[in-house]
Each structure stands twice: as structure tokens, then as C-alpha cells.
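Hi everyone, thanks for coming.

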Amino acid sequence: MEQGARYYAQSPLHAEMKAIYMGIEYALHAGFYHIRIQSDCLIAIKLLTGDDITDHRAITILRDIRYLFCNFQCVTINYLSKALNRKSHNFAKISVCKP
């Protein structure tokens, strides 16, 4: 997806998964070998870590994310509470609002 292109998510979970996917793609193209994924979406974290496979709302993008994981030597996935993730949310709001 080109920078500035709009993406319409099917659900908040799908939007979170798409953001994670795009971050992983960026890290891959930037040449990173170790990545850390942090999210305040517990469902997304459980899907990514394999702790929850019963939620199929984002199964396609989950498969794509797991495929990208193969390109890295180390992938760390962490849940962050909303309070700890506030700065990321503020940054995301600013970037979404800019033309």
C-alpha cells in the first residue's frame, strides 16, 4: 500500500492486524532481523501468539503475518495496556488526520 493510501477495515480487530502487518512489512523492507510487536489489542496478541485460534475474523491477514514472520531471526510479541500504549495511539491519530 502506498504512503497516504486509505485503508478501510472490516472491524477494529482487522484494522489492528492490518497495522501490524504494515509495520512488519516496513521492518522487512528496512532490513531488520529482530522485531518487537506491541499492541493493546489482546485478541490480536492472542491470535499472533497462537493462544487463540477460535476468532476467525482476521484469519486471512493472520496467515499473511505469520508468513512474514519467517523472514526474521527473532519476533517478540507483547501485550501493552492502553495506558502504556497512549503515545502510539496519539501518533496514529495525527498521521490519520493529515492529508
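Let's begin with α1, which has 19 residues and reaches 27 Å from its first C-alpha to its last. That is close to the 27 Å expected at 1.5 Å a residue, the expected span being 1.5 Å times one less than the number of residues. When I say helix or strand, I mean DSSP runs numbered from the N terminus: H or I with at least four residues for helices, E with at least two for strands.

A quick word on where this comes from: it is a predicted model, where local features need pLDDT of at least 70, side-chain atom pairs count only at pLDDT 80 or more, and totals for chains, interfaces and linings use all residues. Residues are numbered from 1 along each chain as its sequence is written, and side-chain values use heavy atoms, with hydrogens and water left out.

Stepping back for a moment, the chain comes to four helices and two strands, and along the sequence they follow the pattern α-β-α-α-β-α.

Now, how do α1 and α2 pack? Helix α1 (residues 12-30) and helix α2 (residues 42-49) meet at an angle of about 55°, with their axes 9 Å apart. Those axes are lines fitted to C-alpha atoms, for helices over the stretch in contact, and angles run from 0 to 180 degrees between N-to-C directions. The two helices are therefore oblique to each other; under 35 degrees would be roughly parallel, over 145 roughly antiparallel, 65 to 115 roughly perpendicular, and the rest is oblique.

Who makes the contact, meaning heavy atoms within 4.5 Å? From α1 we have Leu13, Glu16, Met17 and Ile20, and from α2 Ile43, Ala44, Leu47 and Leu48.

Which residues of α1 are buried? They are Leu13, His14, Met17, Lys18, Ile20, Tyr21, Ile24 and Ala27, with buried meaning under 20% relative accessible area, exposed over 50% and partly exposed in between (1.4 Å probe, protein chains only). In general, an α-helix has 3.6 residues a turn, so residues three or four places apart point the same way. The cover over the buried residues of α1 includes β1 (34-39), α2 and α3 (59-69).

Met22 also sits in α1, but Met22 is partly exposed, at a relative accessible area of 34%. Its C-alpha lies 9.2 Å from that of Ile65, 43 residues apart along the chain.

Finally, just after α1, Gly31 takes a positive phi of about 90°. Happy to take questions!

Note on methods. Contact means heavy atoms within 4.5 Å.
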